[in-house]
Amino acid sequence: MSPLPDSPVLTLLSGVEFFQPLTAEEQTGVAQAMERLTLAPGETLVRQGDAGDAMYVVESGTLRALMRRPHDEMVEVGRIGAGDPVGEMQFIGGGTRSATVEAVTPCVVYRLPCTSFDTLPPAAKHALASSPIVHRRLHGTQLALVLPSIFGPLEPEVRAQIEAQLEWVHLPRGQALFRQGDVGDGWYLVMAGRLRVVVTDATTGEERAIAELGRGESVGEMALITGDRRNATPYAIRDSVLVRFSRQAFEQIMLQHPRALLSICSTLVKRTQQATRRPGALSHLVITVTPAGNGSLAPAFARALTRGLAVIGSTLHVDARTLSAEGVLDAAASASPDHPGWLRFTAWLEEQQATYAFVVLETDRDASGWTHRALGQADHVVIVGDAATDRSLGAIEERLLLDETSDVRRARRTLVLVHSDETLLPSGTRDWLARRRVDQHLHVHRHHQPDVERVARTITGRAVGVALGGGGARGFAHLGVIKALRELGIPIDVLGGTSMGAIMAAQLATGRPLEALYALNRQIIALKPFQEYTVPVIAMLKSTRITESARMSFGDTRIEDLWLPYFAVSSNLTTAEPVVHDTGPLWEVTRASGSLPGIAVPVVSGEHLLVDGGVLNNLPGDVMRNQCGGGPVIAVDVSVEEEVGIGAGGFPSPWKIFWSRVLPFTTKIAVPGMLDILMRTTMLSSAHRTTEVKRDVDLYLRPPIDDFGMLDFAKMDEMVDVGYRYTLTAAAGWTPPSP
């Protein structure tokens, strides 16, 4: 028999905020399933850690909530009175009791089994799961921390007034909070998740990310203060929860709490400063590890990555079994993506982020509910593939990672290809990349933890990049510099360079031992590629030996197949713009980067001519800053300050110079030759940029190689030694700067 409209149970339910989203008919159905219980003082209603099989509504009396702390100490955390619910989070999401509840006075409560939730219509389930009381329970602690940071110390009644003016907003991954050009109608505070703020160019339509906002940060206040329209679009790069204040509420709060306006102004100033500052290291990240194809290496890699991240900061590894063990959600692997229990997981995850610098979520091997949710909560997705297996897409990639979301609006994605420990050089990477939308890829050996630590630094914005400058034969000093950096324990995660620096960086990125590189370069020197003269119509030198030396170094290897991320800089003679090469055949790229105009034949790329990168950027530390994600940059400069010069008397006649070089017992006249002048001219236009790079990099190294000429290739061993000995001293004690 249904309860009458004026029955005590229905009257009680109608006053409980948790049940207000239900219709009268749905409330009647709930009332029918409730059972009346009485409790004596001291009697326990539920125990911390027990399975949550029911919720309760207090009709009369007072109960207290107790939580067990370390050393088995029980601490009272709250009082519960008439009209209050108990266990509503377990009702909608399952899990275990977070506290023990016992009666302080004689009590009357109504028990509602959790199975009743399953009988409700889908719309009613969603309404209960997204009700304000649920959000307050899930994110109330975060809100309690955020409000005082903005408004200053708050009396309980003042805080209650402020909270009464806010509304909770759930923003699913990929959705926009508001759009650029919209009228400013609200101010938002992020309680959980992460937003990426994107600006769209009105002319080209190109989207550019300008900021990321996490827990406790605000967005939308600028338009309310200035009255202008929104100047950017915030997208949820993972499922997020915010609170919103309307324009009217915002204005009223600013009048009543002037400190809040000062706090907002301070936030805007910091945001402006950050916009002009280089990106830095990231913390409090959620990193989701999932398999590529049908590979089985993701679980082992997730554990290895957890250890690698722990070198940087405290790290927690989470899989579906963790949620059950922690009482967050039972059978997470089989729970549907829209299961209300995931709300509890979101709140639990935010609590872990407050404790740990990094949280690693390991998905299942299939597109389960847990996999769907773990990807939805990711700040960064790491896709792990077995380099030796089929490169086709797996079920997870096809169902969950082939979305049409713009790259700038979603979590970053890194493809990690795991190779056997015997692999000398990766191959076939281009096929993996052609099938997937990823932001970057990295190669690792299966059982080499330093490789995994390199991945950890890369995805957290801490990758150490080494940019090698051009300087002809003096570039051999780079090999000595790298040898010293390795001995000093300084990690090298990204390599790049210009001209001879690009060639040396490419050789190093192949992973070959230094002794093997010395032997290779001796073979190249023996070819004498810079002594193959020709009729100087296009260039002074033929390209045959130069091309042969490039092919001798790299064969058919592509940039994508290098152990370390790599780039080379060339100059587009057609458009007068620098070109950054990070894909393509390595021999061709290095050939272009080192084609000194007037000396070597330019490289043809479509309808464009590519020449030496030193024309526009001889020390690409600025390029490296972008390539390594804002991590620390080491720049190695092998140019000299005074490359060419002549005595006060000017140039002697050409015949006098000639005879001084061929006649015996005659003092050789030291004057710069045609090649010296052309090489120096090549780098003049980038000299100013090099000065800027010196100021911006984290470690600037300039080995003392002034006594060597740009064509002194035969003195390779001496220059390697100079670079090595100099760096052992110059870089001693240097460590990558802390974030």
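Student: How many salt bridges does the structure hold?
Tutor: It holds 29 salt bridges. Keep in mind that this is a predicted model.

Student: Which residue does Arg391 meet in a salt bridge?
Tutor: Asp431. The side chains sit 2.9 Å apart, N to O.

Student: Next one. What does Arg457 pair with?
Tutor: Asp493, through a salt bridge of 2.7 Å, N to O. Arg457 lies in helix 17 (residues 449-459), and Asp493 in the loop between helix 18 (477-487) and strand 21 (494-498). So the pair ties together parts that are 36 residues apart in sequence.

Student: And are Arg457 and Asp493 buried or exposed?
Tutor: Both are buried.

Student: What about Arg558, which partner does it meet?
Tutor: Glu560, at 3.1 Å, N to O.

Student: Why does Arg558 count as buried?
Tutor: Because its relative accessibility is 18%, and the cut-off for buried is under 20%. Glu560 is buried too, with a relative accessible area of 5%.

Student: Last thing. Which residues do shared partners join into one network?
Tutor: Arg194, Arg196, Glu212, Arg238 and Asp379. Salt bridges that share partners link them.

Definitions and conventions. Residues numbered from 1 in each chain as written. Predicted model: local features only at pLDDT ≥ 70, side-chain atom pairs only at ≥ 80, totals over all residues. Heavy atoms only, no water. Salt bridge = Lys/Arg side-chain N within 4 Å of Asp/Glu carboxyl O. Helix = DSSP H or I, 4+ residues; strand = E, 2+ residues; numbered from the N terminus. Buried < 20%, exposed > 50% of the residue type's maximum accessible area, 1.4 Å probe, protein only.
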